[in-house]
Amino acid sequence: WKSLGTQFALGIVVGAIVAAVVWLNLWIAARLVSPYRISDLTIGRRDPLQEVRDNIRRYEGWIRLGIALFVGFTVGANAGSAWRTYLLWANRVDFGVTDPQFSRDIGFFVFELPFFEAVLSWLWFTLFASLVVAAAAHFFYGSLRFDLGWAGVQPNVVAHLSVLLGLLALVKAAQYWLGRFQLNFSPRGVVTGASYTDVHAHLPALTLLTIISAISAVLFFATVRIRRVTLPIAAVGIWILTSFLAGFVWPTLVQRFSVDPQELQRERPFIARNIEATREAFGVGEVDSRPFDVSFDLTAEDIEANDAVLQNVRLWDP
């Protein structure tokens, strides 16, 4: 009952929030329809969607609600499947042990990080869906005319979509920031965990991408006042270029030319981290290692005296 109730409640709450956000953006798109939009007389040809608008005008509210409920149900169903992640976060505790890279309690990686990532993924999809349906709504209302080029994009449409893009950039910045902690699970090196390339190339790249995404969000929000498409285009261009160079090219170069030629030297401290964490996880962290001096003077009497030990050899070494 606990699991079923959590699935249902989580799905309902997340789905309702998502549906409300999508509905609000559709409502805003309808309210932003300018009475001064480009008319058919101005461009000399009739807008093919005008007849469709006239026919379904009375059903606008129901269509808006249906789209919002559909998107909300889609995200809510996905959220319900994350009931374990939510319950682990709701009942989180500290391990009393910190990881060597970020000095965070291990409980953060077990209980909190997966839940935060799930929330950000729901938020990202919600804003992306809102952006898509809002753009479609503006197109339907005639505030966005692709056939007219830039002249067919009204300033209030640019402002609305820029706000959504700015919010998406902020969510992406948060995802990049949390992605830094995911490096503790990286399979890039010879063992699982943050490797030399992860720490010295990928980690700085994710930090830089976080900053670039935040700057892009500021540029998107600035478009609300400036009402020009040049700022959003510049923001997207900067983000794409940085993500390619810092997120892919730089780590690849570091791995190829710095790590691969001297892998043991570079990865030794990170292998030691993995071994120590593994010993702690299996509860053998306090076991002492002592050298055993091998001698080759074994006699029949020794074998007879240690018969019980030798009977177990087959269990240790096939």
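Modeller: A cavity here is a set of grid points where a 1.4 Å probe fits but cannot get out, whereas a pocket is an open set. The model is predicted, and by that definition the structure holds 1 cavity of 30 Å³ or more. The largest cavity contains about 40 Å³ of space. Its lining includes Gly 189, Val 190, Val 191, Thr 192, Gly 193, Ala 194 and Ser 195, together with Glu 267, Phe 270 and Ile 271. By class, 5 of the lining residues are nonpolar, 4 are polar and 1 is charged.

The largest pocket holds about 790 Å³. Its lining counts 22 residues, and Asp 99, Pro 100, Ile 106, Arg 273 and Ala 277 are the ones nearest the pocket's centre. In this lining 11 residues are nonpolar, 7 polar and 4 charged. Helix α10 (263-281) gives the largest share, 8 residues, and both α6 and α10 supply at least two.

Helix α6 (residues 106-141) also packs against another helix, α4 (residues 60-80): their axes come within 11 Å and cross at roughly 160°. Angles over 145 degrees count as roughly antiparallel, which means that α4 is roughly antiparallel to α6. The crossing of the two helices is right-handed. On the α4 side the contact is made by Glu 60, Arg 64, Ile 67, Val 71, Val 75, Asn 78 and Ala 79, and on the α6 side by Trp 122, Phe 125, Ala 129, Val 133 and Tyr 141. Of these contact residues, 9 are nonpolar, 1 is polar and 2 are charged.

Key: Residues are numbered from 1 along each chain as its sequence is written. This is a predicted model: local features need pLDDT of at least 70, side-chain atom pairs count only at pLDDT 80 or more; totals for chains, interfaces and linings use all residues. Side-chain values use heavy atoms; hydrogens and water are left out. Axes are lines fitted to C-alpha atoms, for helices over the stretch in contact, and angles run from 0 to 180 degrees between N-to-C directions. Helices (H or I, at least four residues) and strands (E, at least two) are DSSP runs, numbered from the N terminus. Angles under 35 degrees count as roughly parallel, over 145 as roughly antiparallel, 65 to 115 as roughly perpendicular and the rest as oblique. A crossing is left-handed if the near helix is turned anticlockwise from the far one by less than a right angle, and right-handed if clockwise. Contact means heavy atoms within 4.5 Å. Ala, Val, Leu, Ile, Met, Phe, Trp, Tyr, Cys and Pro count as nonpolar, Asp, Glu, Lys and Arg as charged, and the others, Gly among them, as polar. On a 1 Å grid over the protein atoms alone, a cavity is a set of points where a 1.4 Å probe fits but cannot get out, and a pocket is an open set with protein on both sides within 12 Å along at least five of seven lines; lining residues have an atom within 4 Å of a point. Grid points are joined across faces, edges and corners, and a volume is the space filled by probe spheres set on the points.
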